[in-house]
There are 2 protein chains.
Amino acid sequence: MSALLEQLIEALRVLPGVGPKSAQRMAYHVLERDRDGGRRLAETLAAAVERIGHCARCRDFSETEVCATCASAARDAYLLCAVESPADRLAIEQATGYRGLYFVLQGRLSPLDGIGPRELGLDRLAARLAEGEVQELIIATNPTVEGEATAHYLAQLARQHKVRPSRLAHGVPLGGELEYVDRGTLSHAFGSRSEMP
Amino acid sequence: MSALLEQLIEALRVLPGVGPKSAQRMAYHVLERDRDGGRRLAETLAAAVERIGHCARCRDFSETEVCATCASAARDAYLLCAVESPADRLAIEQATGYRGLYFVLQGRLSPLDGIGPRELGLDRLAARLAEGEVQELIIATNPTVEGEATAHYLAQLARQHKVRPSRLAHGVPLGGELEYVDRGTLSHAFGSRSEMP
């Protein structure tokens, strides 16, 4: 096989979920059927890796100093939603009608991996809360052990700055069947039951 | 979302089997964790799309005028194996101890799609068979309707040039269970049974 083709197959494996077989399929597909698309991908990827940095206010990916959401006058500046990753931010943006601002931690507290408040930019978040504009901090970290620990830390931080912390509701997913919901979720949902109107 | 990030997600979709969700995951992964890998992929892809062409002898992908296999003195020039695609060639190379040469059709006869003998480079194959060095043409097209039609055409071409055509054996796959083998294969395997030694 051509050495360059082998290098291409190897290079494609940086993409998540791409093993040797699918990398080979991708390389052949691009070379056989879509060289223009391949050229476009190469250019866009090079530009993205070079030019996309982090927004100075929310730490989400951005090509500009401050991202479009943070710069928008149409968003409610008194609501701030903290998420672990840009993908979580996007999921919330697409699923809900939320019109407030975000803060992307780019991770979660994990002392064993050397990820502390500093790595999550919590000094910047504290400064933001101290500005006095934010009234509610919606904490949307993942419901994992580390995500919960991060949530508690964030809640404390919010209270220190007289900001109301809130957390996404946990419970049985809509359309889920009780029989197949995991034990922890079911137990939580049972304990947090609410009176019907 | 950043416009460049959106373009990257869109560009990643030229890869086969990559939908909007996995393209998004790939883009985030590269930007968050592996910018170096992303840069390398961009460069290799650009180089591959530009520089990888087809070998003048076997029509497989090659950076050079004639590929390494065709140029090698260690391969048996009296055996030629015709395959539909570079991926088929690679599969045979990896699975068998075949030491002959290849001819990659880059397709199969399909008159309705405008793919005739010319598109498959059969004029070049005929010229090669006419050289007199090849003694056996191993026809390894896929066992599909179009692949079989192509095989018949190739066999005729071989006979015209006094070259012996052969075809890969069809039958029950090794380790397969009769119960789950498709009807056509089983019927063929039954008809082509061979005496046990």
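Visitor: Is Ser85(A) buried or exposed?
Guide: In this predicted model, Ser85(A) sits in the loop between β3 (76–83) and α5 (86–95) of chain A. Its contacts, leaving aside neighbours within four places in sequence, are Val104(A) and Glu32(B). The cut-off for burial is under 20% relative accessible area. Ser85(A) has a value of 17%, so the residue counts as buried.

Visitor: Which residue of chain B forms a salt bridge with Arg39(A)?
Guide: Side chains of opposite charge can pair when their charged atoms come close. For Arg39(A), the closest N and O atoms of the pair are 3.3 Å apart. Arg39(A) belongs to helix α3 (residues 35–51) of chain A and its partner to helix α3 (residues 35–51) of chain B, so the bridge joins two chains. The partner, exposed at 55% relative accessible area, is Glu50(B).

Visitor: Which residues do salt bridges that share partners join into one network?
Guide: Arg39(B) forms a salt bridge with Asp36(B), with 2.9 Å between the closest N and O atoms. These two are three residues apart in helix α3 of chain B, and therefore about one helical turn separates them. The network joined through shared partners consists of Asp36(A), Arg39(A) and Glu50(B).

Visitor: How many residues apart in sequence are the parts tied together by Glu131(A) and Arg57(A)?
Guide: The side chains of Glu131(A) and Arg57(A) form a salt bridge, at 3.7 Å from N to O. Glu131(A) is partly exposed at 49% relative accessibility, and Arg57(A) is partly exposed at 30%. Glu131(A) lies in the loop between α6 (122–130) and β5 (136–139) of chain A, while Arg57(A) lies in the loop between β1 (53–54) and β2 (61–62) of chain A, so the parts tied together are separated in sequence by 74 residues.

Visitor: Which are the edge strands of the open sheet in chain B?
Guide: The sheet has four strands with parallel pairing, in the order β4-β3-β5-β6. From one strand to the next, the twist averages 25 degrees. An edge strand here pairs on one side only, and the two that do so are β4 (100–104) and β6 (164–167) of chain B.

Visitor: What is the bridge partner of Leu80(B) in β5(B)?
Guide: Strand β3 (residues 76–83) of chain B pairs with strand β5 (residues 136–139) of chain B in the parallel sense, over four bridges. Within β5(B), the partner of Leu80(B) is Leu137(B).

Visitor: Which strands of chain B does helix α7 lie across?
Guide: Helix α7 covers residues 145–160 of chain B and runs at about 160 degrees to β6(B). The strands that α7 of chain B lies across are β3, β5 and β6.

Notes: Residues numbered from 1 in each chain as written. Chains lettered and ligands numbered in written order. Predicted model: local features only at pLDDT ≥ 70, side-chain atom pairs only at ≥ 80, totals over all residues. Heavy atoms only, no water. Pairing = 2+ DSSP bridges. Axes fitted to C-alpha atoms, helices over the stretch in contact; angles between N-to-C directions. Contact = heavy atoms within 4.5 Å. Buried < 20%, exposed > 50% of the residue type's maximum accessible area, 1.4 Å probe, protein only. Salt bridge = Lys/Arg side-chain N within 4 Å of Asp/Glu carboxyl O.
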